[in-house]
Amino acid sequence: ANPIFASLPTTIFEEMSGLARDLGAVNLGQGFPDDPGPAHIRAKAADAVLNGYNQYPPMAGLPELRQAVAAHYARTQGLDLDWRSEVTVTSGATEALAAAFLGLIQPGDEVVVFQPLYDAYLPLIRRAGGVPRLVTLAPPRWRFDRAMLEATFGPKTRFVVLNNPINPAGAVLPREDLELLAEFCIAHDAVAICDEVWEQVVFDGATHVPLIALPGMRQRTVKIGSAGKMFGLTGWKVGFLCAAPELTRTLARTHQFLTFTTPPNLQAAVAFGLDDSGDWFEAMLAALQRSRDRLAEGLAREGFVTLPAQGTYFLNIDLAASGVAEDDRSFALRAVREAGVATIPVSALYEQDHVTTILRLCLAKKDETLDKGVIRLARAR
Ligand code: PMP
Ligand code: GLN
């Protein structure tokens with residue numbers, strides 16, 4: 001077996017959801033809504049299955065979806081993507097990440113990565129032969145500065161992986177931080193692989209700035225999105241890879257030997273959802289923001305201190321600041337076993353041996369789920 005994968009534990013998301021299933025716990029761990037998702041988009045997917053979208057679609061994705069993705073990003077982020085040469089549909093952002101890492105990284109390339117991080121990054125980067133160089137971000141702001149980048153970028157730096165808005169931090173990086181990162185990418189001639197799956201989920205009127213839009217970044221950025229997050233249909237696994245034609249050629253070559261295509265009925269439904277997006281997105285965002293506030297208020301009533309949550313499905317508790325004398329993993333295991341509520345210990349999303357007291361909760365849940373989760377967390381204190 002390849003030691004990179006053979007030595008890995010089951011991901012924390014599956015571990016906690018598995019415990020929640022086995023124990024019948026309230027699941028505020030893995031990030032998914034507990035409602036069925038937008039009915040008009042689900043109806044379109046069902047309709048597409050009944051009406052012929054069942055054979056292999058084109059390798060790069062259905063033209064109608066690639067056009068819809070380019071139009072969506074033009075409308076919401078001011079980007080000028082050519083759908084034919086710059087948009088590829090993948091089976092979730094996870095496959096897009098794999099295509100970028102396996103297709104672009106060469107053995108020995110150094111890859112700057114920020115942690116806490118999404119847990120798929122490091123094993124895939126290493127399997128591609130990349131050498132991760134980690135920048136550790138600290139709560140409550142989770143920001144980097146020039147000194148941190150200077151200590152991490154070097155002559156072998158070829159790639160930067162940026163997740164923004166940040167899972168698990170719930171942070172949205174300001175433009176000035178992105179400008180600083182762009183300056184380093186350009187100075188080191190590095191390609192940025194930007195995991196922007198949470199781009200649509202930003203609160204309090206904040207704007208998500210795509211790194212690809214900054215001066216000098218258009219030709220050197222791979223932008224990754226996910227319909228799962230845009231529509232709260234996380235099991236659908238429809239992702240997008242957007243990049244300049246030269247990068248896209250390599251990414252598409254890689255994609256063709258990872259999954260080749262993505263279920264066509266889901267692609268058709270996502271295209272429909274993107275075209276029809278206006279009011280629905282606003283309503284979804286308002287509902288998520290209300291859920292964030294309800295969860296934060298409930299936790300505060302029970303004496304838990306939370307960190308600012310500017311975007312994503314996630315709200316973090318600072319256990320130490322809340323007077324809990326226990327690390328996040330041990331609290332999370334006790335909470336699911338003894339109090340019946342699953343959460344994600346953020347220490348699982350660092351490279352290794354990094355202990356935190358930060359507990360990630362999924363806020364994208366019905367009111368009664370959130371309320372029940374809060375009561376059970378209070379019981380675990
Ligand atoms: N990147 C990040 C930061 C994520 O949070 C997720 C999903 N939780 C993914 C990638 C994977 O997205 P998908 O389900 O579309 O593969
Ligand atoms: N992105 C989801 C989360 O952060 C989980 C995805 C997964 O289970 N791999 O909760």
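Colleague: What orientation do α6 and α11 have to each other, roughly perpendicular or roughly parallel?

Modeller: They are roughly perpendicular to each other. The general idea is that angles under 35 degrees count as roughly parallel, over 145 as roughly antiparallel, 65 to 115 as roughly perpendicular and the rest as oblique. An axis is a line fitted to C-alpha atoms, for helices over the stretch in contact, and angles run from 0 to 180 degrees between N-to-C directions. Here the axes of α6 and helix α11 (residues 245-255) cross at roughly 110 degrees and come within 9 Å.

Colleague: On what basis are the residues and elements named?

Modeller: This is a predicted model, in which local features need pLDDT of at least 70 and side-chain atom pairs count only at pLDDT 80 or more, while totals for chains, interfaces and linings use all residues. Residues are numbered from 1 along each chain as its sequence is written, and chains are lettered from A and ligands numbered from 1 in the order in which they are written. Helices (H or I, at least four residues) and strands (E, at least two) are DSSP runs, numbered from the N terminus.

Colleague: Which residues of α6 and α11 meet?

Modeller: Two residues are in contact if their C-beta atoms, placed from the backbone, lie within 7 Å. In this case Ala99, Ala100, Leu102, Gly103 and Leu104 of α6 meet Thr250, Leu251, Arg253, Thr254 and His255 of α11. The contact divides into five nonpolar, four polar and one charged residues. In this classification, Ala, Val, Leu, Ile, Met, Phe, Trp, Tyr, Cys and Pro count as nonpolar, Asp, Glu, Lys and Arg as charged, and the others, Gly among them, as polar.

Colleague: Is the crossing of α3 and α12 left-handed or right-handed?

Modeller: A crossing is left-handed if the near helix is turned anticlockwise from the far one by less than a right angle, and right-handed if clockwise. The crossing of α3 and α12 is right-handed. The axes of helix α3 (residues 39-50) and helix α12 (residues 264-275) come within 8 Å and cross at roughly 140 degrees, and the two helices are therefore oblique to each other. The contact includes Ile41 and Lys44 of α3, with Asn265 and Leu266 among the residues of α12. By class, it has eight nonpolar, two polar and one charged residues.

Colleague: What is the crossing of α4 with α12, left-handed or right-handed?

Modeller: α4 passes α12 in a left-handed crossing. The axes of helix α4 (residues 63-77) and α12 come within 8 Å and cross at roughly 30 degrees; α4 and α12 are therefore roughly parallel to each other. Among the residues in contact are Glu64 and His72 of α4 and Gln267 and Asp275 of α12. This contact has seven nonpolar, two polar and two charged residues.

Colleague: In what order do the seven strands of the open sheet stand?

Modeller: Two strands pair if DSSP finds at least two bridges between them. The order is β2-β8-β7-β6-β5-β3-β4, and the pairing is mixed. β2 (87-90) and β4 stand at the edges with a single partner strand each, so one side of each is left without a neighbour in the sheet. From one strand to the next, the twist averages 20 degrees. Within this sheet, β5 and strand β6 (residues 191-195) run parallel and are joined by five bridges.

Colleague: What kind of peptide bond joins asparagine 167 and proline 168, cis or trans?

Modeller: Most residues other than glycine have a negative phi, and most peptide bonds are trans. The bond between asparagine 167 and proline 168 is cis, with omega about 15 degrees. A cis peptide bond also joins asparagine 164 and proline 165, where omega is about -10 degrees. As for phi, that of tryptophan 142 has a positive value, near 60 degrees.
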